[in-house]
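Student: I have just opened this one and could use a guide. Could we go through part of it together?
Tutor: Gladly; have a look at it first, and then ask whatever comes to mind.

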Amino acid sequence: MSKIRVLADHVANQIAAGEVVERPASVAKELVENSIDAGSKRIDIEIEAGGRRLLKISDDGEGMVRDDAVLAFERHATSKISGAEDLSAIATLGFRGEALASIASVAKVELTTKTEDGTAATKVTIEGGRMRDVKDAAHPRGTTIAVRDIFFNVPARRKFLRSEATETFHLTNLVTHYALAHPEIAFTFTSNGREVIRASLAKDLRERAYQLFGEEFLENLLEVNGGNPQVARVIGYVSAPRDRRTSRDSQYLFVNRRFVRDRMIGRALSEGYRSILPYGVYPAALLFIETPLAEVDVNVHPAKTEVRFRRSAAVADAVREAVKAALAAAGYVREEREVVAPVYEEQKPTATVAVGGLGTQTAAAFTAPVFEVERPPRISPEVQQSRMAFASLMSSVEEALEEELTEPQQPEVRTDFGLTTPEVAQPTAVPAVVATVPRSSPLPPLNSAEKIVRQVTSEEVSPNIRPLGQLEESFIIATDEEGLLLIDQHVAHERVLFDKYRALESERRVESQQLLVPETFDLTPAQAAVFDQLAPELEVYGFELMRLSGRTVAIKATPADLPAGEARNMLAELLETVDPEKKNSARETMRDEIAASLACHAAIKVNMPLAPEKMRWLIDRLLQTSSPTTCPHGRPVILRLKMRDILKSFHRI
Ligand code: ADP
Ligand code: MG
């Protein structure tokens, strides 16, 4: 007896539904795409109970005549392509003709639709893939489709649905994506009767982003406009490096206005931030990749969230370079990374790095990233540190002043405010007025200056920075034409060393120092797994490592400037933080991470007195780096108090 039989349509559809309908958001995705393909100007989405009980989508698109409305639920029924040749250049979001069939096989669906010249609307009712009813109804031009009780007939799938909140989150995220991709369409999204999104017709992406995210989000975005029309144009916005997120949730990526989950694009985006954002920290992005239709295959996955590029490396390059150009235009990195070896060879004069190309062209669009200290939720620990640094400057000024005030009778008053000054401080006579201030009188608060301290961007760095002294043996106080500068000595040196290590590595001129007695240490099993992949990369930087028996490792040599005692810490830290998965995908990125870690461990620490010559040296080197104003971990290096603001604060102007 034969054993193979062809499955009934509704069973086949249910199987196919497994791939298309994963959760309410995937149903909404298909329906919204259909509405967009139908040329709608308005799409209203309404859900109840996270979309499980009800998911209703109304549009004002072209609608369907009765025959089409029935046919639409057949598998492989589509109006969007007619033959295999069309697959190579798909201009619509849908094309597989299986979404409605799949959805109807696992839910109770009611579709009401009318075309422009149809006399009546048609209402089709279908449940678990079985047509229940087709009749006339009232409906304006367009289509309303209500999907109820998803997976009512597939208990196994129902169990996999997550909480109402999770499903609602996915739905909101989905509508946000489509609303961003289509400013020309008005969207509303209502959950359990409460309006979550209302976006009226917008003239462009910027206006739409404003409607969805508000002003603050926009303020922090840098415009991206790069790539090339043959391979990929890259348009949109990315966040400034100080705006850090620990997930990719704020990355909205599109290919030909199709919302995609593409790891390659995400990675290329991160690569654009290479050396200014650490691992595990992600920028926010609204990025639209526009490619010629023939350059991209969208028929990769039934849910159409994955695409395949014909020339994916070229697309990745376009994304990375466009992002870098945007960062360069805003002064976060320099356009060209021509940091060559002579830069840190003492005898050679400074090799200036060209800030050319896009950087200068778009300089007009450049907005100084004002160091917004008045928004507590946005402030990262690093920024907090800088704030504290400044606050401590203020408090030590206060302290010093206090000293002056409380000891007016003393002839010799410290005027260096506890700073190490290259010039010998000249004792100054106490101004008479000071002596008249009662000892107990408290100082008025000085911290209003906090608001006018800015992070310096590399566009604004002047070559004439003059160190004056050190604050708390941690920050160099300096001046330039613009005013007073505070330079974090540790991160400044970190940047110098990072560039140096990267340059030496790319020229294969790394120097190592042999240890007299090799240091040994034991790895945990997890570290051991990473070690074998990491070791060859570390050797590129001058480490000599040897795997002894079991999980014991010996360090025989270290990179030239790394203090021997730091090598072990650094290795342990890298073994913990390097993600073995990422390592395979982007070796360059991993090398950056090693260089950043080396730089951090070898750099001058805080709480370390620096001689004036050393400060001078550090500033000179810093100015020659690829990005003098941000450390390899994305922290600011220089803060500025502008002369103008100083004068203003003293009411001199
Ligand atoms: P696909 O979108 O891949 O063509 P679907 O199963 O999603 O397949 O839809 C089948 C067909 O139903 C579409 O090709 C389209 O002609 C029609 N259709 C679906 N939704 C709408 C809508 N909202 N407005 C007009 N026509 C629609
Ligand atoms: Mg479709």
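**The sheet and its neighbours**

Tutor: Let us begin with an open sheet of 5 strands, which pair in the antiparallel sense and follow the order β16-β23-β19-β18-β17. Please keep in mind that this is a predicted model.

Student: Which strands stand at the edges?
Tutor: Those are β16 (453-455) and β17, and because each has a single partner strand, one side of each is left without a neighbour in the sheet. From one strand to the next, the twist averages 30°.

Student: How many bridges join β16 and β23?
Tutor: There are 3 bridges between β16 and β23, and the two strands run antiparallel. Within that pair, V453 stands opposite L641 of β23.

Student: And which strands does α14 touch?
Tutor: Helix α14 packs on the sheet, where it touches β17, β18 and β19, and its direction makes about 70° with that of β19.

Student: What about α19, which strands does that one lie across?
Tutor: Helix α19 lies across β17, β18, β19 and β23, and it runs at about 115° to β17.

Student: Which residues of α19 are buried?
Tutor: The buried ones are M615, L618, I619, R621, L622 and L623. These buried residues pack against β17 (466-471), β18 (475-480), β19 (483-488) and β23 (638-642), and also against the helix α14 (489-506).

Student: Changing topic, is β22 largely enclosed or open?
Tutor: Strand β22 (residues 552-559) has 6 of its 8 residues buried, so it is largely enclosed by the rest of the structure.

Student: Which strands is β22 joined to, then?
Tutor: Strand β20 (residues 512-522) is joined to β22 by 7 bridges, and the two run antiparallel; strand β21 (residues 544-547) is joined to β22 by 4 bridges, again in the antiparallel sense.

Notes: Residues are numbered from 1 along each chain as its sequence is written. Chains are lettered from A and ligands numbered from 1 in the order in which they are written. This is a predicted model: local features need pLDDT of at least 70, side-chain atom pairs count only at pLDDT 80 or more; totals for chains, interfaces and linings use all residues. Side-chain values use heavy atoms; hydrogens and water are left out. Buried means under 20% relative accessible area, exposed over 50%, partly exposed in between (1.4 Å probe, protein chains only). Contact means heavy atoms within 4.5 Å. Two strands pair if DSSP finds at least two bridges between them. Axes are lines fitted to C-alpha atoms, for helices over the stretch in contact, and angles run from 0 to 180 degrees between N-to-C directions.
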